[in-house]
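Me: I am new to this structure. Please take a close look at its aromatic rings and how they pair.

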Amino acid sequence: MAKKMWCCQICGFIYDEAKGRPAEGIPAGTAWQDVPSEWTCPDCGADKASFDMQMMS
C-alpha cells in the first residue's frame, strides 16, 4: 500500500505522515494538512510551500 510522503524541494528532506516529528511536537500519524503552517524543514528551514507530495510504497 502506497503512503503519502512530503519532500522538501530545496534539500530533499522527507516528512513521513506515519512518523510525524514527535521531537518537534508533531505526533506520529499527523497528516500534512494538520502540520502547523509555521513549521519549517528541519534540515534547511524551507517553509511548507516548498514541499511536494509523493506516493511511496
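Reply: Start with the term. Rings of Phe, Tyr and Trp (its six-membered ring) pair if their centres lie within 6.5 Å; planes under 30 degrees apart count as stacked, over 60 as edge-to-face and the rest as tilted. By that rule, the structure holds 8 aromatic pairs.

Take Trp-6 and Trp-32. Their ring centres are 5.1 Å apart and their planes stand at 15°, so this pair is stacked. Trp-6 sits in strand β1 (residues 3-8) and Trp-32 in the loop between β2 and β3, so the pair ties together parts 26 residues apart in sequence. Strands here are DSSP runs of E, at least two residues long, numbered from the N terminus. Both Trp-6 and Trp-32 are buried, a word for under 20% relative accessible area, with exposed over 50% and partly exposed in between (1.4 Å probe, protein chains only).

The model is predicted: local features need pLDDT of at least 70, side-chain atom pairs count only at pLDDT 80 or more, and totals for chains, interfaces and linings use all residues. Residues are numbered from 1 along each chain as its sequence is written, and side-chain values use heavy atoms, leaving out hydrogens and water.

Trp-32 also pairs with Tyr-15. Here the centres are 5.4 Å apart and the planes at 50°, so the pair is tilted. Tyr-15 lies in strand β2, 17 residues from Trp-32. Tyr-15 is buried too.

Now widen the view. Ring pairs link Trp-6, Phe-13, Tyr-15, Trp-32, Trp-39 and Phe-51 into a cluster. Lys-48 lies over the face of Trp-32, 4.8 Å from the ring centre. That label requires NZ of Lys or CZ of Arg within 6 Å of the ring centre and within 35 degrees of the ring normal.

Notes
Helix = DSSP H or I, 4+ residues; strand = E, 2+ residues; numbered from the N terminus.
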